[in-house]
Amino acid sequence: MNAVETSGLGKRYGGTWALRDCTLAIPAGHVVALAGPNGAGKSTLLHLTVGLAKQSTGAISVLGNAAGSLPALDRVAFMDQDAALYSGLSVADMLQMGRSMNRRWDQARARDRLAELDIPLTRRIGRLSGGQHAQVALTLALARRPDLLVLDEPMSALDPLARHEFKSALMTAVAQDGLSVIFSSHIVSDLERVCDYLVVLAGGRVQVAGQTEDLLAGHHVLVGPTAQADQVAATLPVVRDRRATAQTHLLIRATGQTLATPPGWRKEPVGLEELVLAYLREPDAFALPGPRTSDATKEATFS
Amino acid sequence: MEVDKELPSPIEFRLDPGSGVPTYLQLVQQVEQALRLGYLKQGDQLPRVKDVVAGLAINPNTVLKAYRELEHRGLASGRRGQGTFVDGALPMVGLREQEALRRGLLRWMRTATAAGLDEEGIVALVSSALHDLHAENEEVVA
């Protein structure tokens with residue numbers, strides 16, 4: 001079962017395509033990071049996923065049902081960029097509201113979570129710290145017992161400690177419930193260690209998609225003399241090419257076994273942050289090793 | 001994922017963000033290190049997945065992968081519904097053998113110093129050679 005499946009998905013606002021030609025198949029059970037620069041289409045894809053927007057072209061299904069349909073909405077929870085809660089209400093009021101508005105609602109669990117976090121139910125939303133605000137929003141989302149949790153930039157306003165605590169709460173929920181998570185972030189270091197599936201969007205298109213483990217195993221940096229760089233780069237799929245007068249770094253897309261290190265060169269592994277940044281810097285490079293990469297021409301396109 | 005158990009694990013994990021070592025491997029190495037230093041003994045429980053995830057804010061699959069690797073290395077075994085426990089020991093090199101190796105290494109270090117290498121140079125050379133050794137071993141496995 002795929003958590004999210006899209007084909008030829010596109011969304012146009014006026015004359016501008018916010019997302020186009022998006023074909024993805026994200027298996028359930030993953031923590032998916034959606035990365036990309038501002039305006040890449042991250043929020044658009046998430047809004048289409050949770051039924052807050054309707055696509056202009058193509059199709060999108062969530063856990064096997066059309067996005068926005070009742071059976072899909074029932075199983076999906078969404079936490080917005082600014083986690084909009086009513087600042088005049090108390091935490092208890094918000095819980096009550098959630099309870100009356102949702103068919104699936106686990107009030108006991110929500111109360112337990114808040115007690116564990118030392119967030120008093122009588123506190124007004126407007127008086128919460130940024131970290132507490134995010135935790136309350138996450139608690140409300142989890143109380144719906146979703147099979148898929150969608151978070152749009154959940155950590156962008158948090159300080160480092162609150163960020164760590166938020167990630168910790170999120171990962172604990174994944175460990176306990178086995179739910180799927182999709183979250184967007186333009187802060188690349190947020191992704192590392194948390195996500196096990198990565199989607200990078202650039203200019204409204206899918207640039208990279210796949211399990212992080214496969215992506216990391218499928219990329220290497222070759223370090224060697226610039227004098228031979230042309231010769232080496234000509235035979236390999238180069239994602240990013242950095243040359244100084246003497247030394248060259250080539251980020252190559254190839255698995256370790258198939259990539260023979262040229263004599264005089266050194267092969268080094270790549271970290272997730274380095275990988276994401278390289279693709280962000282090279283918007284014309286693609287890496288789509290997912291289960292549905294039938295589009296061979298796209299796979300072979302490198303900058 | 002795992003039920004509550006009375007006894008907490010004798011060890012706790014920490015992560016080194018700058019090491020470049022994959023997260024799951026850092027967990028594996030810390031268990032091995034704890035075994036070598038005697039912090040962990042046969043039958044001890046490894047930290048529960050839920051606790052590791054909550055403490056380090058990492059993906060639960062990373063912890064599961066580390067524990068699978070420890071099982072694969074014959075150092076731990078999972079008990080259904082209870083958790084993962086130390087089950088096995090690291091191959092210990094005999095004291096006499098260790099002493100001989102140490103003397104050999106000291107000899108090599110004196111040679112290196114005489115050749116003009118300072119301490120940092122020696123460390124760099126050793127870790128680079130370890131890297132090569134690791135790569136060799138990986139090629140054998142592959």
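Which strands of chain A does helix α9 lie across, and at about what angle does this helix run to β9(A)? Keep in mind that the model is predicted, then select residues 272-281 of chain A, which form helix α9. This helix lies across β3, β9 and β10 of chain A, and it runs at about 20° to β9(A).

Next, select the sheet to which these strands belong: 6 strands of chain A, in the order β6-β7-β8-β3-β9-β10, form an open sheet with mixed pairing. Its edge strands are β6 (76-79) and β10 (205-211) of chain A, each of which pairs on one side only. From one strand to the next, the twist averages 15°.

Within the sheet, select residues 148-152 and 180-185 of chain A, which are strands β7 and β8; they pair in the parallel sense over 5 bridges. At this pairing, A:L148 stands opposite A:S180 in β8(A).

Now select residues 42-49 of chain A, which make up helix α1. Helix α1 lies across β3 (31-35), β7, β8 and β9 (197-202) of chain A, and its direction is at about 150° to that of β8(A).

Finally, show the whole of chain A, which has 10 helices and 14 strands. Its C-alpha trace spans about 70 × 40 × 35 Å along the principal axes. The radius of gyration of chain A is 21 Å, which agrees with the value near 19 Å that a compact globule of 303 residues would have. Of these 303 residues, 45% are buried, and among contacts with a separation of 6 or more, 69% join residues 24 or more positions apart.

Technical notes:
Residues numbered from 1 in each chain as written. Chains lettered and ligands numbered in written order. Predicted model: local features only at pLDDT ≥ 70, side-chain atom pairs only at ≥ 80, totals over all residues. Helix = DSSP H or I, 4+ residues; strand = E, 2+ residues; numbered from the N terminus. Rg over C-alpha atoms; globule rule 2.2 N^0.38 Å. Buried ≥ 20, exposed ≤ 12 C-beta atoms within 10 Å, placed from the backbone. Contact = placed C-beta atoms within 7 Å. Pairing = 2+ DSSP bridges. Axes fitted to C-alpha atoms, helices over the stretch in contact; angles between N-to-C directions.
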